[in-house]
Amino acid sequence: EYDLDEETAFEDIMLKINKIVKSLPVKYNQLFDLYYMQGMSLRGISSVTNVGLSWIHSSILELRDILRNELSEDLIDYFNGDYDKI
């Protein structure tokens with residue numbers, strides 16, 4: 001069953017994610033796209049970009065922490081069905 005409030009809340013969260021990622025340096029933008037959006041593995045990213053695996057790993061952890069810190073409240077509200085709080 002389609003829920004307009006849920007769809008709107010999801011779109012709001014995605015807009016916030018895009019805004020956060022766009023505010024980061026370009027290398028993090030590209031890393032976000034490769035890892036989270038395209039689903040590439042860390043080793044795959046390393047071989048395509050010729051960047052060290054340890055940098056990629058630590059950068060993914062940084063990205064995750066940034067997103068978690070910025071979005072944790074909104075995600076809790078989303079999964080609890082409190083769409084109006086987002």
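**A close look at I60**

Modeller: Leaving aside residues up to four places away in sequence, I60 touches L31, Y35, Y36 and L42; a contact here means heavy atoms within 4.5 Å. Before we go on, this is a predicted model, where local features need pLDDT of at least 70 and side-chain atom pairs count only at pLDDT 80 or more, while totals for chains, interfaces and linings use all residues. Residues are numbered from 1 along each chain as its sequence is written, and side-chain values use heavy atoms, with hydrogens and water left out.

So what's going on at I60? With a relative accessible area of 7%, I60 is buried (buried is under 20%, exposed is over 50% and partly exposed is in between, using a 1.4 Å probe on protein chains only). You'll find I60 in helix α4; helices are DSSP runs of H or I with at least four residues, strands are runs of E with at least two, and numbering starts from the N terminus. F32 is 28 residues away from I60 in sequence, yet their C-alpha atoms are 7.7 Å apart in space.

Now slide along α4. An α-helix has 3.6 residues a turn, so residues three or four places apart point the same way.

Next, look at the largest nonpolar core, which has 18 residues. Such a core is a set of buried Ala, Val, Leu, Ile, Met, Phe, Trp, Tyr and Cys residues joined through side-chain atoms within 4.5 Å. I17, L31, F32, L63 and L67 have the most contacts inside this core. Two or more residues come from each of α1, α2 and α4, and α4 gives the most, with six. Take L67: not counting residues up to four places away, L67 touches I17, I20, V21, F32 and S72.

Further along, α4 (residues 53–80) has a kink of about 65°, centred on L71; that bend is the angle between axes fitted to the seven residues ending there and the seven starting there. After α4 comes G81, with a positive phi near 80°.
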